Structures are given as structure tokens and as C-alpha cells.
Amino acid sequence: MASAPTDLLIGKIVSILESEASSIAGVRDEVDEIKLELESMKSFLEDTEWKKASTQGEKTWIANVRNLACDVEDIIDEFMYRMYEKESGGRFARFLQKTIHIPKNLWYKRQIANKLQKIIAAIKAIPERKQRYGLIGQEGTSSDDVHKRVKIKAESSLFEKEDELVGIEGKKQMLMGWLINGEKKQTIVSVVGMGGSGKTTLVANTFTQETVKRHFNCFAWITVSQTYVLEDLFRSLIKEFHQSIKQEVPGNLHAMSYRELLEMLTNFLVSKRYLVVLDDVWDITLWENIRLSFPDEQIGSRIILTTRREDIASYSFGVESHVYPIQLLQRDEAMELFSKKAFPTYHNICPPELEPLAWELVEKCNGLPLAIVALRGLMSSKKSSVEWNTVRNSLNWHLSNNPLLESIKIILLLSFNGLSYRLKHCFLYCSLFPEDYFIGKNRLIRLWIAEGFIEHVKGVTPEAVAELYIMELVSRSMLQAVRRNDYETGRPRACKMHDLMRELALSESESENFATVCDGKEVMKEMGARRLSIQTTDGEITPLTDMSHLRSFLVFVTNRISSSVSEILPSGLKLLRILDLERSPVTKLPGEVVYLFNLRFLNLRKTPIKELPKSIGRLHNLQTLDIRDSNIKALPRGITKLLNLRHLIMYHYTGVHKGFRYIEGTKCPSGICKLKKLQVLACVESEGNVIRLVGNMTQLTKLGITNVKERDEIDLCASIQKMELLQDLFLMVPDEEECLRLDALTAPPAHLHTLALAGKLEMVPRWFSSLHSLTSLNLHWSRLEEDLLPHIEALASLRSLTLYNAYTGKNLSFSTGFRNLVHLQLCNFPLLNNITIEKGVMPKLQFLMLDSCLEVKTLPWGIEYLSNLETLQLGSVSVQLLESIREGGVDHSKVRHLPEVDDLVRTLFGRYNDSKS
């Protein structure tokens with residue numbers, strides 16, 4: 001990842017040269033020369049990514065070049081800061097004008113020029129440019145060496161003893177079923193999972209079964225890896241196939257051309273039922289290049305491939321295919337695997353005095369077999385609890401330096417090294433979050449944008465590009481999707497890092513001066529890292545001084561504390577881009593925050609802060625302001641000066657989940673509508689002419705408005721119709737008696753995919769039936785007398801439907817349509833007593849909730865037709881309904897296949913009996 005900082009910096013300098021030509025007139029020559037030097041640096045650093053420096057001198061050399069690039073970034077940012085001070089008449093500029101009688105700009109331009117010249121001199125202190133950036137005679141570990149070691153490790157799986165494996169039997173039987181099921185079509189089986197998850201071991205154990213081998217006429221196993229030569233793969237296949245039937249391998253393979261090899265391979269496989277394993281596939285073009293060599297004679301041939309990438313596993317290969325996402329080991333399985341070799345002197349049984357430490361180490365592996373096996377090898381030589389404690393407390397160091405754990409680092413680094421420099425930065429940034437932390441997708445996207453990691457793509461927003469980055473990291477098994485939106489076709493809402501991936505990222509971050517994570521107790525002075533994450537459990541944070549290099553400062557407090565975070569913010573944060581204090585006990589935003597010219601991202605979500613400073617408008621570069629669920633109820637007038645703001649998140653959950661007013665908005669000055677770059681405005685409390693003026697904010701993709709009145713109908717509908725990019729809309733009236741009028745809306749936004757309406761509807765809006773892109777619909781306290789379902793049953797994209805006190809009728813009939821609905825919630829229907837589901841309706845429904853529907857005495861008629869239903873969730877329901885589904889009840893047979901349904905009934909009966917006692 002060495003070249004990434006310079007690449008990003010070159011882009012920044014080009015931007016300055018283009019947009020600030022007049023401002024930098026006095027230092028343009030220095031900036032131009034620095035740009036040329038950085039381009040040479042970049043070439044040098046890119047070369048070092050493919051070779052590992054073998055001497056300490058070379059490592060220091062590389063680090064110095066990288067640090068020089070970072071010094072330039074500081075100087076450029078400081079230059080822009082000084083320009084801002086001058087233009088805004090800030091304290092610094094006023095001081096200069098009063099004390100130094102020279103032209104306004106000259107003094108600090110000279111200062112910047114001097115600093116840049118010093119950097120240039122430092123670079124040129126290394127002899128001639130070619131010699132400076134060419135590692136003469138460098139011996140290191142090349143990527144080819146790494147791939148050879150990985151190949152040896154993979155192919156040794158073919159010789160592992162079955163009794164040394166754990167948790168593999170069921171997985172093996174699944175694969176064998178696909179291999180020898182009698183299906184005549186050529187079939188591809190893809191086994192997918194993160195590096196070290198046991199893909200190769202599972203496939204090897206299946207491949208070597210005699211039952212499998214007897215089923216096929218010939219078989220072959222080849223390891224592909226990230227770099228391969230197609231002709232070499234053909235030669236390996238020919239050799240393996242011939243050896244599998246004990247035929248002599250042709251002796252002139254190395255002299256054959258691509259065409260000759262392809263012809264020999266296809267001729268050999270004609271009329272044979274073959275089994276091929278393509279292990280460690282990184283690129284889907286491999287299949288397109290190699291498929292011609294595998295003739296499909298419709299006699300049951302099989303191809304297995306292993307990959308870390310979901311996009312490859314789910315590729316449309318043009319033939320029958322199956323995907324097997326390998327599951328990591330369960331907790332007990334992980335301990336069983338660990339114990340097999342970790343305690344040789346105790347007959348492979350964990351002694352009681354080591355058990356707590358053993359569990360901690362095993363859980364650190366998060367079920368990753370490779371890590372468990374490597375760690376047990378290390379611990380097998382440790383006898384005392386003191387030695388075990390030492391390893392536990394320094395696992396990060398051991399991963400980087402202990403040869404016994406090198407296999408973990410090599411395997412996981414393969415995934416990391418295969419990323420583009422931008423994705424490497426995005427991945428490393430995730431390590432700033434605590435272990436096992438669920439990282440919200442939108443938060444991560446906005447952080448990456450604020451850091452400048454996201455590539456500019458013409459015609460595509462940075463947010464859309466960043467979401468593709470997340471999907472790519474999840475697809476590559478670098479991040480784990482932990483929450484997915486049913487109504488957004490499975491896109492991740494949040495993700496997390498595997499513990500060992502995070503340890504690896506932390507190690508890389510620290511060695512590259514990319515970021516540092518600390519617990520707040522360490523005395524930290526000036527440091528090289530550009531990003532700092534403080535993660536404290538007891539709330540004690542040592543004051544931090546001289547952090548002038550910081551670009552990101554994040555605080556995570558797991559336990560609420562009394563002392564204010566404002567008292568311990570690092571000093572000298574003038575170049576800070578990101579200040580993330582979510583859930584921190586900060587009671588007042590420090591005054592110096594408004595002088596952070598570089599600040600792009602300010603997160604005060606779920607903090608007790610009550611107000612923003614009146615001079616918030618000084619933060620001209622701010623892109624994201626998040627005050628959701630804080631104590632801020634109104635924004636100051638200065639907010640209207642934040643012309644670069646893209647995301648303004650400011651709604652508050654009231655905690656009254658079953659009441660009408662479950663969300664509150666924030667009061668804003670009417671000038672908020674000047675912020676033409678805003679994409680997210682959620683939620684503004686309607687006052688004055690805000691609803692009429694919001695129509696001028698045509699870049700909005702998400703809009704939430706509370707306190708909407710009946711009289712606002714014409715202005716509201718006119719504003720919504722102007723928002724062609726709108727995807728997410730929330731509207732709420734002041735109280736449950738006020739009607740929400742939307743009939744004047746003739747053409748809703750074409751790309752609207754999420755709609756939530758809170759308030760009484762006198763009738764179903766006729767434009768509902770035209771919402772062809774809608775994936776989620778939430779109606780709250782609509783109390784419709786008219787049946788809603790006929791108006792929305794044909795919406796082909798609808799995946800989530802939540803109706804909360806939305807209908808006053810007694811019967812609800814799902815008679816047709818809803819073909820893609822996955823998630824259905826029916827809550828607080830006071831009169832509803834009958835629900836009917838016709839056969840063929842909602843064929844994809846997976847989740848059904850019934851809550852506060854006390855007149856419903858039985859399960860919905862036709863629930864047995866919901867063949868994909870996975871979860872039935874019941875809230876406050878009648879005792880008669882519970883009786884019907886408990887064991888022996890009339891409806892029990894309809895839902896007994898659902899997991900935990902009996903436990904659910906017992907729990908609800910327990911609550912019911914408790915309420916009566």
C-alpha cells in the first residue's frame with residue numbers, strides 16, 4: 001500500500017494547481033517541482049509493493065520516502081488553512097495585519113515556500129533520481145515466492161489425515177452429493193470463504209474419497225493463485241489427468257504451444273467423465289480462458305473451484321452450478337480443533353488452569369481453522385499460564401513477527417495485497433473501529449469520502465462509488481456483512497472485520513504510519529500516524545498534546561462516563577478532517593472546533609450536546625453533520641453557510657415505539673434551503689416556508705420532514721415533484737388527528753425506493769400504484785378505511801411492508817401479487833380479526849410479524865402456503881392464537897417447521913401468565 005498516500009496527494013496537488021492558481025502564485029514553482037518528485041516517489045513505492053525489503057536500511061529508506069510524501073501533504077493543507085484564515089478574516093490573519101506591515105499574503109507564502117524547498121532538498125539529498133528510486137541489488141521476498149508457499153500449503157491438504165479434521169463431515173457430504181448425484185449435465189461447484197476458512201481442506205478431503213474417485217474416469221487438481229500462465233495450467237492438467245489413470249505423461253509438453261496443449265487436453269477428455277479442482281481462483285477471466293478445455297459430453301463431469309470472492313462463486317458460468325459458502329467453525333468445534341495438538345503433555349485435553357486463556361485465544365480466531373491450527377502449534381510449547389498470558393497480550397506482535405504464525409499472515413495478506421491502493425486504504429480504515437464493532441454502511445461511506453479515498457468517476461456520486469467499494473470488500477471476504485436490508489436485495493447495512501483481519505490491518509496501519517489505536521491511558525505526544533482511534537472502557541483518557549498531523553480523530557466509549565470528552569481533545573488539530581465522537585459523553589463542543597478549516601465529517605450522534613456553536617458556519621468544507629439522537633433541538637443560523645454540506649442527519653427517536661410520535665425532527669432556519677449540495681436532509685421540522693423552499697434542493701436523495709400540516713399539501717407535493725433524484729422519503733404530521741394530504745402529487749419521483757408516512761390518510765394516494773421502484777413501504781397510524789392492498793399488490797420491487805395502525809377494517813386479504821415481498825409486519829390493528837393469504841401470494845416471504853392484533857384468534861388462513869417463511873414473530877397477541885400454535889394446537893402443524901417456534905410460544909405464555917399473577 002506504499003504508493004497510496006502519494007497517489008492521493010498528487011491528485012490533491014493537481015486540484016490545487018487547477019482551482020487555486022491565483023492563490024498559489026507565489027509558490028507555484030515549488031508545488032510544480034514537488035508534484036514531479038511525488039510522481040517519482042510513487043513509481044518507487046509501487047515497485048516496493050511487490051518486493052519485501054530484506055535489510056533494515058532498505059526498510060528505513062522506504063519509510064523515509066513515504067514520510068516525505070506525508071510531510072508535503074501537511075504543508076499543502078497548512079497552505080490552504082492559511083488561505084482560509086486570510087479570506088475569512090480569522091484571528092491569524094488579523095494578527096498578521098496588526099503586527100507585520102507587509103502585504104497580506106507575502107509572509108505566509110514565503111513560509112510555505114521555505115518549507116517546500118526544504119522538502120525538495122531532503123528528497124534531492126539522495127543521489128541522482130534513478131539511483132534514488134531504484135533499489136540496486138535488493139534481495140527480497142517476491143510475490144512469486146509467496147505464491148509458491150501458498151501452493152505448497154494448499155496441496156499438502158491432499159494428505160491430511162481425516163481424524164485430524166473437525167466439523168467437516170456434514171460439509172463433505174453436501175459436496176459429495178453434488179458430485180455423484182447422477183446429474184448428467186456438466187456442473188460447477190464453487191466453495192467460497194475468506195482465506196484460511198478451510199475451503200481447500202474441505203475440497204481435498206472430498207476429492208480424495210474413494211467413493212468420489214471411483215465415480216469418475218479421471219481427475220485433476222491444480223492450484224491457480226493470483227498470477228498464472230494459462231499454458232502452464234494446461235500442462236499441469238494434462239499431467240494430472242494422465243497420472244490419475246496411470247498413463248505415461250507426454251514428454252514434450254514444454255515445447256507445445258497454447259493451441260497444441262488445448263487440443264491435447266480436449267481430445268483426452270472426450271467421452272470421459274472427469275473431475276477437476278481449480279483451487280484458489282482470484283479472477284473470473286480464468287474460467288472464460290479455460291472453459292474450452294473442458295468438453296461437456298453430458299456424462300456427469302464436475303468442476304470444483306475454491307475462491308475467496310463471492311462474485312466469482314456466484315458467476316453465471318453457462319452451465320449447471322452450485323455455491324457452497326463455507327461456514328467458520330462453531331465455538332466447541334474450534335476448541336476441539338485447538339486441543340488436538342495444543343496440549344501434547346496432557347493427552348490433548350486442556351488442563352483446567354489454562355482453560356480460560358485457551359478459550360480467549362480460540363475465540364480470537366473467530367472459528368478460522370487456519371488460525372486455530374497455527375495458534376495451537378505456537379501454544380503447544382507453552383507450559384505455564386504466564387507464557388499463555390504473554391501470548392494473549394501480544395498477539396498482534398506475534399502475528400507480525402513469530403514464524404509459527406507466519407502462515408496466517410501470508411494467507412490473509414494475499415487478500416490484502418490483491419486490493420487496489422484505494423481499497424487498501426478503505427480496508428485499513430476499518431481497523432479504527434473496536435473489535436467486533438458493527439460498522440454502519442453509511443457512516444463508513446461518509447468517512448471514506450471525507451478522507452478523500454474515493455475515486456472520482458464522471459457521472460457517479462462519491463457515495464455510489466464508495467458503496468461499490470464496500471460490496472467489493474465483502475465480496476472478497478475482507479469484510480463480513482452482519483446486517484442486510486431485506487428490502488434492498490441483500491445489500492449490507494453494516495459490516496465487521498474478522499478479529500484476525502483486524503489484527504493484520506492494525507499491524508499494517510502502524511507500520512505504515514496510517515493509523516494508531518490506543519486505549520486512552522497511554523501518554524501520547526507527537527506521533528507520525530495520521531489517524532487516531534481512542535477506545536476506552538473505563539472512561540479515563542490521558543490528555544493528548546501536539547497532534548498537528550492528525551486527519552482523523554475517533555473516540556469509542558463503551559461505558560458512559562461523567563467527564564467531558566471536550567476536556568481531552570488533542571491540541572493543535574488545525575488540519576483535522578474527521579471528528580467522530582458518536583456515543584461519547586461530550587456535553588459541549590469545544591470552541592476551537594469551528595476553526596478546523598479542513599473538517600469534512602462531524603459526528604455527534606447520541607451525545608448529550610445541547611447546542612452547536614453559532615459560528616458553525618466557519619466550517620466551509622464540512623460534508624457530513626450527524627446530530628441524530630443528540631440533545632440538539634434546533635440549528636443555529638450559521639448552518640446556512642455550510643455550502644459543501646452533503647449529509648445532514650438530525651432526527652431523534654423518542655423511545656415511544658408503539659405511540660404515534662416515535663420520531664422528532666430538528667428546527668432549522670429557512671436558509672437551510674441554500675445548501676444545494678445536500679443529498680440527505682433527515683429530518684427537518686417544518687416551520688414557515690421551509691416546505692416550499694426545500695423544492696430547490698434538487699440533489700436530495702433522502703428527505704424527512706416532520707410537523708407537516710394539511711395546508712402544506714400544494715407546496716409539499718410541488719417540492720417533491722422537483723426532486724428527480726429522491727430515493728427515500730419520510731413525512732410526519734404533528735399529531736394523530738392531523739391528516740396527511742398528498743393527493744396533489746401527480747408524478748412521484750421515479751427512483752423512490754423507500755417511503756414512510758406517519759399520519760392519518762383519508763384515502764390511499766392514487767399514485768401508490770405507480771411506485772415501480774419502491775422496495776420498502778411503511779405506513780404509521782394511517783387508519784385507512786379503504787383497503788390498501790389492491791393498490792400495492794402489483795408493485796414488483798416491493799420487498800418490505802410495515803403497516804402500523806394503518807387500517808381500520810376487520811379483514812385483510814392477500815389475494816394476489818406481492819411476488820417479491822420478503823418482510824411483512826402487521827402491528828396495532830385494533831379491529832382486525834381475520835387475515836387471509838391465498839396460494840401463490842407472497843411466495844418469497846421470509847419474515848412475518850404480528851403485534852398488537854388482539855382480535856386475531858388464529859394464524860392467517862393460508863400461512864402454510866408460505867413455503868419460504870423462516871421467522872414468525874409474535875408480540876401482543878391473543879391467548880387463543882397462542883393456544884392454536886402450541887404443540888397439539890390446531891395450527892401447530894402449519895408452523896412447527898419454523899425454528900424456535902415452540903420456544904416462542906412458551907415465552908409468550910410465560911409473559912401472559914405473569915401478567916395475570
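## Ground rules

Residue numbers start from 1 along each chain as its sequence is written. In this predicted model, local features need pLDDT of at least 70 and side-chain atom pairs count only at pLDDT 80 or more, while totals for chains, interfaces and linings use all residues, and side-chain values use heavy atoms, leaving out hydrogens and water.

## The largest cavity

There are seven cavities of 30 Å³ or more in the structure. A cavity here is a set of points, on a 1 Å grid over the protein atoms alone, where a 1.4 Å probe fits but cannot get out; lining residues have an atom within 4 Å of a point. The largest one holds about 50 Å³, volume being the space filled by probe spheres set on the points, which are joined across faces, edges and corners.

Its lining is made up of Asn396, Leu399, Ser400, Ile408, Lys409, Leu412, Leu500, Glu503, Leu504 and Ser507. Helices H19 (395-401), H20 (406-417) and H24 (499-511) each supply two or more of the lining residues, with H24 giving the most, four. Helices are DSSP runs (H or I, at least four residues), numbered from the N terminus.

By class, that lining has five nonpolar, three polar and two charged residues. Nonpolar covers Ala, Val, Leu, Ile, Met, Phe, Trp, Tyr, Cys and Pro, charged covers Asp, Glu, Lys and Arg, and the others, Gly among them, are polar.

## H22 against H23

Helix H22 (residues 441-451) packs on helix H23 (residues 462-475) at about 115°, axes 9 Å apart. Axes are lines fitted to C-alpha atoms over the stretch in contact, and angles run from 0 to 180 degrees between N-to-C directions.

On the H22 side, the contact (heavy atoms within 4.5 Å) includes Leu444 and Trp448, and on the H23 side Ala466 and Tyr469 are among the residues involved. Nine nonpolar, no polar and three charged residues make up this contact.

Note on methods: On a 1 Å grid over the protein atoms alone, a cavity is a set of points where a 1.4 Å probe fits but cannot get out, and a pocket is an open set with protein on both sides within 12 Å along at least five of seven lines; lining residues have an atom within 4 Å of a point.
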